[in-house]
Structure formats: C-alpha cells, structure tokens
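This report describes part of a protein fold for a reader who is new to structures. Please keep the sequence and the 3D view open while reading.

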Amino acid sequence: MSTRVEQGRFTRARAAGPAGSPSPPPSAGQGRRPREQAYPGAFPIGPTISFLRRLRASLDAGSELPQSLAEATGALPRDLRDALDRMLHRLGGDYSEDEWGFDEEFADSLLPFFEFLYERWWRVQAIGARNVPSHGRALMVANHAGVVPWDATMMSVAMLREHPLPRYARFLVLDWAFTLPWVSVAMRKVGGVVASPYNALRLLEQDELVAVFPEGVRGAGKGFGQRYRLQRFGRGGFVEIALRTGSPIVPVAVVGSEEIYPKVADAPLVARAIGAPYFPITPTFPALGPLGVIPLPSKWRIEFCEPIPTAHFGPEAAEDRSFVFELSEQIRATIQAKVYDNLVARGSAFL
C-alpha cells in the first residue's frame with residue numbers, strides 16, 4: 001500500500017469537527033473558567049520577593065517542600081494564597097480523579113497561579129487557539145525546550161483562556177519526571193501522563209485533547225546554543241498514532257521556553273546518580289540554590305497552526321513507513337518555520 005502526501009491537502013480541516021456540524025456545548029470535563037475571570041491587575045513584585053525569601057529560608061531550615069510553601073504563602077495576595085492553600089490541601093488528601101490521575105478540581109485550584117505565569121510572568125501571546133478542535137480527539141504536536149515542561153502547562157492554559165470552548169489538555173511527559181516526589185502527583189492531577197504510544201492511543205480513543213513533544217529529551221535538554229533549532233522527530237510514532245485513531249494533528253510553535261532555564265552546561269554524573277536524563281547548569285542554578293529553580297521571566301508566543309486531518313487516509317496508512325516519515329518531517333518543517341516567524345514577531349526575549 002502506498003500513500004502520498006498531497007501538498008496543502010490536509011491543512012484546511014475545520015476545527016469544530018466535520019463540515020457543517022455545529023459545535024456542541026462544553027462537556028462536564030472541560031475547563032469552564034472564562035477569560036474575564038482571570039487573575040485581575042498587575043501582580044505586585046514586593047510580595048513575590050517576600051514569598052521567595054520565606055520559601056528559601058524554610059527550605060534551608062530543613063522543612064519539606066509542602067510545609068515550606070504553606071509557610072511562605074503569607075506574603076502572597078489573597079487570591080493566590082487561597083489558591084495555593086487549596087492546592088496543598090488537595091495534594092495530601094484522597095479525592096476523586098480519573099483513571100489517569102487527572103483531578104479537575106485540583107487543576108482549577110491551581111489555575112490562578114498558572115494564569116499569573118501566563119499573564120504576568122511570561123506575558124504569553126497565544127495565536128490561532130481556534131484551530132484546535134473544540135471537541136473530540138486531537139493531537140497537538142509541539143517543539144520542546146526549557147529543561148522543565150512549562151511549555152505543556154502554558155499550552156494548556158492557552159486552551160482554557162483563549163479557546164471559545166475551553167477544554168483541558170492531556171500532555172505526555174517522560175517517565176523519569178514521575179519519579180520526583182510531589183511533582184509527580186501534581187503533574188498527574190493537572191493532566192500529565194507517562195509518555196508511551198499505548199497511553200497516547202488510549203487517550204485519543206477516549207476523545208481527549210493530547211499534547212506530544214516528539215523531540216523528547218533531545219529538545220528539553222538541549223544547550224542554549226542550540227535554542228530554537230528543532231531536533232529530530234524520531235520515526236514519526238505520533239503520526240502513526242494519529243492515523244490509527246483518525247485524529248487531526250495540530251502543529252504548535254512555542255517561543256519563549258528556551259530562555260526560562262538557559263542551559264549552559266550539563267552534569268552527567270549527577271544526572272546518572274539521580275536517574276535523570278540530564279542535570280542542567282544554568283546561570284542561576286545551582287549557584288542560587290532553591291532560588292535558581294525560579295524560571296526567568298522571558299516573553300512567550302504560542303501559535304496553534306491549522307489542523308491536519310488524518311481520518312481520510314485510513315488506519316492502514318500507518319503501515320506505510322515512507323508516508324509516516326514524510327508527514328512527520330512536513331509537520332516538523334511547519335513548526336520550525338513558525339518558530340522562526342514568532343521569534344521575529346516577539347522581538348526582545350525579556351522586554
């Protein structure tokens with residue numbers, strides 16, 4: 001069986017579903033926080049500094065992270081303090097969640113903090129959010145950088161804030177991240193899932209919105225000198241999964257994540273000791289201790305490109321290796337071009 005990519009054929013799918021079909025109302029599992037309810041006003045820098053100082057002092061005194069966060073929240077404005085209190089409370093409790101560990105109430109309680117990062121810290125501009133289907137299965141494919149997967153989180157926030165029918169995204173994360181205490185629990189509760197073809201296939205069969213990062217470790221852990229140069233997409237496994245499930249593919253270009261933790265060196269011995277794929281050395285970490293974990297306030301742009309329909313190719317197209325690779329490379333080229341376009345549009349990384 002031979003299937004060929006027709007240039008432009010698959011870049012004009014309607015985001016809202018089959019042609020002529022109306023968009024259904026949001027389901028109970030979709031995000032419902034309207035844009036006008038976002039965290040209001042400028043975030044005061046003074047309380048932020050006080051919070052970070054209290055957090056560092058508590059950690060230096062030997063307290064566990066949850067206790068340190070709870071002690072430091074007194075310096076925050078009331079909205080964020082209440083949100084963080086609810087988040088910490090739910091982390092330690094026994095609450096309902098789906099089979100993947102997603103806890104919508106926990107995610108909602110953490111949303112004000114993510115919105116602060118989105119609006120005030122990284123000043124994210126999201127373009128083309130309407131290109132993401134408003135319901136049903138879809139696969140977002142994005143470039144990956146920044147050492148820590150904040151890009152996945154900001155894409156999820158963009159879906160909640162900028163899309164006319166907000167919905168939570170499920171993002172696939174390397175399994176080593178789920179070995180981190182507390183972080184792994186929180187990651188699952190906000191939509192993170194261990195990256196594997198089987199998990200991606202099941203999520204799409206459940207009509208979820210799924211985000212994947214084909215660069216994997218090569219993208220997240222690359223040095224600052226290689227910023228915004230997409231790494232190889234492997235053998236196109238994400239294309240196979242999309243074809244087998246008939247899921248539209250939405251290329252996503254993320255600009256800004258490269259500067260949050262500028263990786264200038266690596267410590268492979270430390271990485272091997274803790275079982276991580278890399279241990280980054282940045283201008284602030286580990287020199288500043290816990291404060292070095294605070295990401296730098298770079299300016300972000302996220303562009304959601306036009307969706308690529310796959311259902312008309314049929315699941316048998318996944319067996320055509322040349323077609324899978326060709327489509328994978330075309331998607332990679334699309335994302336790379338959009339990354340360069342948005343770099344120019346963004347201008348300065350921090351101003």
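Strand S3 (169–173) is mostly covered, as 5 of its 5 residues are buried. Buried means under 20% relative accessible area, exposed means over 50%, and partly exposed lies in between, with a 1.4 Å probe and protein chains only. Strands (E, at least two residues) and helices (H or I, at least four) are DSSP runs, numbered from the N terminus. The model is predicted: local features need pLDDT of at least 70, side-chain atom pairs count only at pLDDT 80 or more, and totals for chains, interfaces and linings use all residues. Residues are numbered from 1 along each chain as its sequence is written, and side-chain values use heavy atoms, with hydrogens and water left out.

In a regular strand the side chains alternate between the two faces of the sheet. On one side of S3 are Ala-169, Phe-171 and Val-173, and on the other are Arg-170 and Leu-172; all are buried, and both faces are covered.

**The sheet**

Which strands pair with S3? Two strands pair if DSSP finds at least two bridges between them. S3 pairs with S5 in the parallel sense over 3 bridges, and Arg-170 has Val-210 in S5 as its bridge partner. S3 also pairs with S4 in the parallel sense over 3 bridges, where Leu-172 stands opposite Val-193.

These strands belong to an open sheet of 7 strands with mixed pairing, in the order S1-S9-S6-S2-S5-S3-S4. Strand S1 (125–127) and strand S4 (192–194) are at the edges; each has a single partner strand, so one side of each is left without a neighbour in the sheet. On average, neighbouring strands of this sheet are turned by 25° against each other, direction ignored. S1 is joined to strand S9 (residues 301–304) by 3 bridges, and the two run parallel. Gln-125 stands opposite Arg-301 in S9.

Helix H5 (residues 150–162) lies across S1, S2, S3, S5, S6 and S9, and runs at about 65° to S9. Contact means heavy atoms within 4.5 Å. Axes are lines fitted to C-alpha atoms, for helices over the stretch in contact, and angles run from 0 to 180 degrees between N-to-C directions.

**Salt bridges**

The structure holds 15 salt bridges. A salt bridge is a side-chain nitrogen of Lys or Arg within 4 Å of a carboxyl oxygen of Asp or Glu. The table lists some of them.

| Pair | Closest N to O distance |
|---|---|
| Arg-202 and Glu-99 | 2.2 Å |
| Arg-244 and Glu-240 | 3.6 Å |

Arg-202 and Glu-99 form a salt bridge that links distant parts of the chain, 103 residues apart: Arg-202 is in helix H7 (residues 197–205), and Glu-99 is in the loop between helix H3 (78–91) and helix H4 (104–121). Arg-202 is partly exposed at 22% relative accessible area, whereas Glu-99 is exposed at 55%.

Asp-207 is partly exposed at 39%, and Arg-137 is partly exposed at 24%.

Arg-244 and Glu-240 are 4 residues apart in helix H9 (residues 237–245), so about one helical turn separates them. Arg-244 is partly exposed at 39%, but Glu-240 is buried at 19%. Elsewhere, salt bridges that share partners join Glu-115, Glu-119, Arg-120 and Arg-161 into one network.
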